[in-house]
Amino acid sequence: MLQEWVILLVSLSYLGTLFAIAYYADWRSDRGRSVISNPYIYTLSIAVYCTAWTFYGSVGRAAETGIGFLPIYLGPTLMAALWWFLLRKMIRIAKVYRITSIADFLASRYGKSSLIGGLVTIIAVVGIMPYISLQLKAVSTSYTVMLHYPDLARIQEHKTTLWNDNAFSVAMVMAAFSILFGTRHIDATERHEGMVAAIAFESVIKLLAFSAAGIFITFIMFDGPLDLFDWVTRYPETSRLMQLEVLPGGYINWFTLIFLSMMAIMFLPRQFQVLVVENVNEEHVRKAAWLFPLYLLAINIFVLPIAFAGMLLFPEGHVPPDIFVLALPLTEGKNILALFIYLGGLSAATGMVIVATIALSTMVCNDLVMPVLLRLLTIQHVDLSRLLLFIRRCSIVFVLLLGYLYYRLIGESYTLVSMGLVSFAAAAQFSPAILFGVFWKDASRRAAICGLTAGFLVWFYTLLLPSFARSGWLTVSFLEYGPFGIELLRPYQLFGLDMFDPITHAVFWSMLINIGCLVTISLLDRQSTMDRIQASLFIDVYRHSGDTHLWKGKAMITELKGLVARFIGPRQTDRAFSSYASSHNVDFSKEIQADAELVEFAERLLSGAIGAASARVMVSSVVDGEEISPEGVMKIIDETSQVLEYSHQLEEKSIELEAATRELQEANKRLKELDRLKDEFVSTVSHELRTPLTSVRAFSEILHDNPDMIEPERKKYLDIMVKETERLTRLINEVLDLAKIESGRADWHMENIDLTEVLREAVEATSQLFREKSVAIIEMTPTFPIMVFADRDRIIQVVINLLSNAAKFSPPEKGTVIVRLYFKKREIRVEVADNGLGIHPDEQQKIFEKFKQITDLRNGKPKGTGLGLAICRRIIEYHNGKIWVESISGQGSKFIFSLPV
Amino acid sequence: MSPVRRKIQRLLVLFAFGCLALNYPLLALFSIRSLWFGIPALYLYLFVFWLIFIVFIAVVTEMKKLPRTSFPLLLNRKSK
């Protein structure tokens, strides 16, 4: 057994070492050579998550529920997967807006509202109370165990007087220690390098100590883990721990614990402090995201073996499982090892207490006391930095006393883990406001207030109050029958929900109402301008990064400087302002008025010391004019939406533009083609007109020059001239006709006409032609009328044209032309077939184009104007019909046109 | 897809897989009273999965160095 003075001396010298490390780190950082600026120290500082709960409580929990201790470490591992974007964003926000605590973060996000800051602080202080008392209990118990083991009666005995109770001494020593660590001076950045270094050191010690215990118990007391597990399977009490069914609440409880620990790793005030506020470089998150889970894995590997060993060696159950880690080496008489393990437990507890109290004291000071002080009193021209330090020191003592009080009232009746879980459930209340706040712009201030308050009240009613009842400070009937006998309000079965264990039950109701209020009220609420600005600044932090200036009014530099100096001290203020002057190329001796940027800078300096909400109030007291410039507001609020809108519009515009360009190109192509066609047409027409004109002119010149020409000769020439002029007239008529149809100016007399009659008329009109050439014409038309809706004269024109063509190209004497009218494919077809030479397939399409004639092989001279078929095609197309030719060379051709019924 | 978005999506999928693997009903498959390689099945499964999950986080987060988005520091060193 160790002497009391040995344990005391070792404990105090250990704390002294910690302080030396912290002092050294501070000294180094003042010289600009930070020892903590690397991802490994950052990871170790996050490991402040592993407290006395992990060190002593996990084994206790494992002895009761087997693997049930593990979700507390699996949750953070899962969360670490999201750190790379979630935590980095939070760090960026905190850096840019100088956020110093979780209360400050939420207050800033929701319109710099001091109400939210105060609310979060109260929740944090009340919520962390059980957690701190857990540490006190663990340290005081382990101290007693070291002192009196194996006299277990002395360990269990109830402490009656305050001075007899070493938990009180522990609390006071820790308070002194935290004060020394965290509140030596007010710091503009509110970062504590010394503290972080000490925490990192403690993380190493606790991992080493716990691993030492695990290796000793597993490999020296037993023959390795396989031997230990072999023993485990032989006894029902231990072998049942291999299954999850022993976990009270089963898989639902398992899930709840994973969820709670996921929230706790991010939103417990002390975790927020080390993860976000104390972070030196956001790139450190990359390594910490996998190194920290690895640390958790390492510190948990031996938990189950130690628990099993304890159960096998103390089967009577007289040794509480929470002290197995110490009791096992002590039973073996390994006092030095036990002392080292005790130190590990002490590091775990002190680490947590130091960070938690410093974080809480900052919150109490900045978000609870300062806003009240600044509003109630008119503290003018006093150096407030001393007052700030005093408030913080008091709040550290206050927080620890509160923890001690809870321990005195409740501690004896709870295990370590169940005390810690109550705190976890409280920290989870911050998660909706933060997570929604960082990603959802519409989360409003009022909604956050309602959500936080409601969640906190439900937590208070379903977890904290019952703990008082279970310890006998309230009547037990409160738990069993509800307040005033109202069964519906039983705190463990609220509204009759009785299927969950108490933790799951409380988490379910509190999160339901918390998220429900936050989301619903946000959707109904209208945000104030300040609210909206802060929401935008937080959510688009990567875009703004603090370059937007909200202050419109002007302030005197001296006044501004004086204000800052009152809170963070004149020397620090001088330094900060001169570093600002050199980096911004401003000479303060020449300037009198501070610009918006400097005002903003001062506000951020102040918010480092007194929180965002108070800093805004203070700065607005020295700034004349409006505190928020409309341009600044517009810039922040509209930028995001406008940029999005612009880029969207731009995209649409460019798509439209592309389409328009394509259309224009096509139109241009068509126009060019038309232009070409027109030129071609004009040149062809002139050519066609010139031919008859030339011959008329030639013959008239002959007649003119030879007045003595004999009569028959003269008559022959005149006949040619008449024919040529007729041709000229016809050509001009047809050109006009075609132009009229093409330009759409032709008059159409649409009516119901009998197609058979039209055919008959056309055949009659052309019969003279056929007779002249002795070509037979055969009509094959129905005897009943076929009615179509068409222009009668135009259709006759088409048929006559086809018939006269047929007459022209049919061989004289032997020629036969057949005209048919029939139905095919739901349309009416008119077919004019001859038995002439036929048309070469290459020319079958061309003949419907203007001036494309088939050269007559026999006399080389075209017989028509070359416009007839072109006109026919236009007419038929106008009637929604088609016209084409079917022909085999040497066997005649069939001209067919169809009209819709 | 930008490298940042790709990385975020990978991490989210990893997170979802982790949540599934560490909860009911997959967990129930290992809740048996037997030893695998001399180690309780549930214990072995959880620790092995845990280790693999950590390796995956490391692979995804460390995979590609993205350009660091810089922000102006007001005070890069604490002053006293």
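**Exercise 1.** How many bridges join strand 4 of chain A to strand 6 of chain A, and do the two run parallel or antiparallel?

*Solution.* The model is predicted, so local features need pLDDT of at least 70 and side-chain atom pairs count only at pLDDT 80 or more, while totals for chains, interfaces and linings use all residues. Residues are numbered from 1 along each chain as its sequence is written, and chains are lettered from A and ligands numbered from 1 in the order in which they are written. Begin by locating strand 4 at residues 776-780 and strand 6 at residues 816-824 of chain A, where strands are DSSP runs of E with at least two residues and helices are runs of H or I with at least four, numbered from the N terminus. Two strands pair if DSSP finds at least two bridges between them; here five bridges join the strands, which run parallel. In strand 6 of chain A, R820(A) is the bridge partner of M780(A).

**Exercise 2.** In which sense do strand 6 and strand 7 of chain A pair?

*Solution.* Strand 7 covers residues 827-833 of chain A, and its pairing with strand 6 is antiparallel, over seven bridges. Within strand 7 of chain A, V832(A) is the bridge partner of V819(A). Finally, two residues lie between the strands of this hairpin, in which K825(A) takes a positive phi near 50°.

**Exercise 3.** Is K773(A) buried or partly exposed?

*Solution.* K773(A) lies in helix 32 (residues 755-773) of chain A. A residue is buried if 20 or more other C-beta atoms, placed from the backbone, lie within 10 Å of its own, exposed if 12 or fewer, and partly exposed in between. Because 13 other C-beta atoms lie within 10 Å, K773(A) is partly exposed.
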